[in-house]
Amino acid sequence: MALTHRSTNLLKPLSAAVPFTSSLRRLFSTDDATAITVETSVPFTGHKCDPPPRTIDTTPKELMTFFRDMATMRRMEIAADSLYKAKLIRGFCHLYDGQEAVAVGMEAAITKKDCIITAYRDHCIFLGRGGTLVEAFTELMGRRDGCSRGKGGSMHFYKKESGFYGGHGIVGAQVPLGIGLAFAQKYSKEEHVAFALYGDGAANQGQLFEALNMAALWDLPAILVCENNHYGMGTAEWRAAKSPAYYKRGDYVPGLKVDGMDAFAVKQACKFAKEHALKNGPIILEMDTYRYHGHSMSDPGSTYRTRDEISGVRQERDPLERIRKLILSHDIATEKELKDIEKEIRKEVDEAIAQAKESPMPDPSELFTNVYVKGFGVQSFGADRKEVRAILP
Ligand SMILES: Cc1ncc(C[n+]2csc(CCOP(=O)(O)OP(=O)(O)O)c2C)c(N)n1
Ligand SMILES: [Mg+2]
């Protein structure tokens with residue numbers, strides 16, 4: 001069947017990779033801190049640009065940070081799944097497990113003065129921006145102390161003070177907003193960039209191309225990141241896109257195809273893209289990634305793809321396991337030490353959930369805050385549009 005035939009392609013990047021041990025070399029710098037050079041799983045493919053090199057320098061500290069951050073994200077999403085099933089989280093809920101390397105690698109290349117805007121699969125991007133587990137779970141449960149005061153829920157996490165502009169439910173709509181952020185940065189002569197994340201499904205929308213045209217005309221420091229997890233809801237990319245080479249879809253705008261399951265490849269690509277965007281204007285990064293969960297909690301995720309495909313990606317390309325292997329092969333930590341870290345994270349997540357449950361529901365008066373401009377009031381009419389039914393504060 002076509003589905004199975006196409007699915008096997010998803011396993012390609014890591015299978016084609018050089019084994020960890022032979023692709024790595026350990027160097028010792030003068031201050032005796034261990035520097036490590038790693039090679040990305042596969043080379044980058046460029047469109048209208050010379051791709052960056054596959055080698056990237058790192059440190060044991062960075063490897064351990066990547067491990068901890070990704071393991072925390074993974075655990076948070078698994079816990080959100082259970083809370084949803086226990087009906088403590090209601091409404092829409094889209095999980096990010098599988099895609100963690102994109103959030104972690106991107107953060108490693110940029111600062112909090114650079115902006116990020118994304119769609120509804122936003123929990124881990126929020127953590128990457130420095131959001132806490134308590135704020136995340138509190139928001140997920142619609143409580144007062146959540147990052148959006150319990151009024152946004154899963155799809156509308158924000159952290160403006162660290163350059164995170166949400167969390168958007170209308171597919172693709174965050175991209176023109178992201179270009180607007182880049183415009184603001186250029187207008188205020190800041191040396192920062194805006195990352196606008198969208199999915200492979202959203203990549204077929206017209207508004208993307210309109211926004212990109214303006215970004216290119218005005219050389220805006222915008223980086224469009226297509227998180228290609230190969231499905232838009234239950235539709236495989238090849239059913240929806242005539243050309244699934246999303247990094248080339250900007251035509252006159254340069255692009256780079258990146259293994260989005262390799263945090264180091266993501267970091268290298270984002271660093272490259274930031275330098276490019278500040279000098280030359282927009283660029284597209286296609287992150288080849290995968291979501292383990294279904295589209296949202298209402299999708300079991302196994303009707304339009306095979307279980308073998310999911311377990312194959314887990315085995316061959318899992319972003320967390322890739323970092324674990326690197327840590328072990330460099331004797332930075334033992335298997336037991338890594339397991340202990342994961343146990344600690346499990347405890348941190350459980351404690352955050354317990355704390356989030358203590359947060360009260362928002363006050364009913366909050367229904368009208370952040371909705372209308374304060375002081376102007378809004379008249380609400382009946383269906384006939386003639387009779388005023390209520391005057392909102
Ligand atoms: C304008 C619009 N059309 C349709 C939807 C319904 N919808 C929600 S998510 C989604 C699929 C998007 O897939 P993709 O862009 O690949 O992102 P992913 O969910 O894979 O991260 C659709 C069609 C929507 N929210 N907004
Ligand atoms: Mg998708």
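User: In this predicted model, which backbone atom is 2.8 Å from an oxygen atom of ligand 1?
Analyst: A polar backbone atom of G201 is 2.8 Å from an oxygen atom of ligand 1.

User: And which side chains have polar atoms close to an oxygen atom of ligand 1?
Analyst: R121 has a polar side-chain atom 2.7 Å from an oxygen atom of ligand 1. N229 also takes part, with an N or O atom of its side chain 2.8 Å from an oxygen atom of the ligand.

User: How much of ligand 1 does the protein bury?
Analyst: The protein buries 69% of the 590 Å² that ligand 1 exposes when taken alone.

User: How many residues surround ligand 1?
Analyst: There are 15 residues around ligand 1, and the closest are Y120, R121, G201, A202 and N229. By type, the shell divides into six nonpolar, seven polar and two charged residues.

User: OK, the metal next. What coordinates the magnesium ion (ligand 2)?
Analyst: The magnesium ion (ligand 2) is coordinated at 2.1 Å by D200 through OD, N229 through OD1 and Y231 through O. N229 also has a side-chain atom 2.8 Å from an oxygen atom of ligand 1.

User: How are those donor residues spaced in sequence?
Analyst: The spacing of the donor residues is D-x28-N-x1-Y.

User: Is N229 buried or exposed, and why?
Analyst: N229 counts as buried because its relative accessibility is 5%, and buried means under 20%.

User: What about Y231, buried or exposed?
Analyst: Y231 is buried, with a relative accessible area of 6%.

User: Changing topic. Where is D318?
Analyst: D318 is in the loop between α12 (307-317) and α13 (319-329).

User: Why does D318 count as buried?
Analyst: D318 has a relative accessible area of 4%, so it counts as buried.

User: What does the side chain of D318 contact?
Analyst: The side chain of D318 makes a polar contact of 2.6 Å with the side chain of Y292. D318 also caps the N-terminal end of α13, where one of its side-chain oxygens lies 3.0 Å from the backbone nitrogen of L320.

User: Which residues of α13 are buried?
Analyst: In α13, the residues P319, L320, R322, I323, R324, L326 and I327 are buried.

User: And what comes just after α13?
Analyst: Just after α13 is D331, which takes a positive phi of about 50 degrees.

User: Now the strands. Which side chains of β4 are buried?
Analyst: Strand β4 covers residues 55-58, and its side chains alternate.

User: Why do side chains alternate in a strand?
Analyst: In a regular strand the side chains alternate between the two faces of the sheet.

User: Do β2 and β4 run parallel or antiparallel?
Analyst: Strand β2 (residues 34-39) and β4 run antiparallel, joined by four bridges.

User: How many residues of β10 are buried?
Analyst: Four of the five residues of strand β10 (residues 255-259) are buried, and the strand is mostly covered.

User: What joins β3 to β10?
Analyst: Three bridges join strand β3 (residues 45-47) to β10, and the two run antiparallel. G46 stands opposite L256 in β10.

User: Last one: in which sense do β10 and β11 pair?
Analyst: β10 and strand β11 (residues 283-288) pair in the parallel sense, over five bridges. There, D259 stands opposite D288 in β11.

Note on methods: Residues numbered from 1 in each chain as written. Chains lettered and ligands numbered in written order. Predicted model: local features only at pLDDT ≥ 70, side-chain atom pairs only at ≥ 80, totals over all residues. Heavy atoms only, no water. Near = heavy atom within 4 Å. Polar contact = N/O pair within 3.5 Å; in protein donor to acceptor, adjacent residues only side chain to side chain. Areas by Shrake-Rupley, 256 points an atom, 1.4 Å probe, with all protein chains shown as cover. Nonpolar A, V, L, I, M, F, W, Y, C, P; charged D, E, K, R; others polar. Donors = N, O, S within 2.8 Å, 3.2 Å for Na, K, Ca; no water. Buried < 20%, exposed > 50% of the residue type's maximum accessible area, 1.4 Å probe, protein only. Pairing = 2+ DSSP bridges.
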